[in-house]
Amino acid sequence: MKAWRPFAAGLAVTAALLPAHAGRNCEQRTPEADTVVRAMDLAERTARTLDASGADVVVLARAGQDLRKYRLRWSHLGLAYRDADTGAWRIVHKLNQCGSDRADLYRQGLAEFFLDDLFQYRAGIAVPTPEVQRRLLPVLRDNTRATVLHTPHYSMLAYPWALQYQQSNQWAIE
């Protein structure tokens, strides 16, 4: 799919150019030390939990926004997998570009995933069946295959399986 080309061809460039904005508040600011410590602690605790789970692929959620008035706990999710070479966990997820109508897919480690202006420092983990994990793992490791259902046109109001716009969680659900 052509929409994948920005990710496949420029993942490193995109990550280097946009880390201060993608998925975060558009205001540029240096994170406070307490925020970094809390995010690193959550990443470490999550890594231990994921390692102990025996899973190779999980759905990983974070509480970036306070959605309690909608009776929701998690505002963002991605698909996390264990890197075969390092054993570290990587998350593939979709992020909007600083309030724009564009979004891209990103591959991040746990620490960066949890540094995005969290409302609560908690992680939600859902472990797919072994068969689903087996089928998802090669897709998540392959940039081209991971973008098959990616639509770069972003709308936070998009609904699952919409064809014109897509929101962050929609990509992972589809």
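This is a predicted model: local features need pLDDT of at least 70, side-chain atom pairs count only at pLDDT 80 or more; totals for chains, interfaces and linings use all residues.

Student: OK, strand β2. How many of its residues are buried?
Tutor: Seven of its seven residues are buried. The strand covers residues 76-82.

Student: Which residues point which way from β2?
Tutor: His 76, Gly 78, Ala 80 and Arg 82 point one way. Leu 77, Leu 79 and Tyr 81 point the other way. Both sets are buried.

Student: How many bridges join β1 to β2?
Tutor: Six bridges. β1 is residues 57-63, and the two strands run antiparallel.

Student: And what stands opposite Tyr 81 there?
Tutor: Val 57 stands opposite Tyr 81.

Student: Now β3. How many bridges join β2 to it?
Tutor: Four bridges. β3 is residues 89-96, and this pair also runs antiparallel.

Student: What about the hairpin of β2 and β3: how many residues are between the strands?
Tutor: Six residues. Look at Gly 87 in that hairpin, which takes a positive phi near 80°.

Student: New topic. Where does Asp 116 lie?
Tutor: In the loop between α3 (110-113) and β5 (120-126).

Student: Is Asp 116 buried or exposed?
Tutor: Buried, because its relative accessibility is 3%, and the cut-off for buried is under 20%.

Student: Which side chain does Asp 116 have a polar contact with?
Tutor: The side chain of Arg 62. The contact is 3.1 Å.

Methods
Residues are numbered from 1 along each chain as its sequence is written. Side-chain values use heavy atoms; hydrogens and water are left out. Buried means under 20% relative accessible area, exposed over 50%, partly exposed in between (1.4 Å probe, protein chains only). A polar contact is a pair of N or O atoms within 3.5 Å; within protein, one must be able to donate a hydrogen and the other to accept it, and residues adjacent in sequence count only if both atoms are side-chain atoms. Two strands pair if DSSP finds at least two bridges between them.
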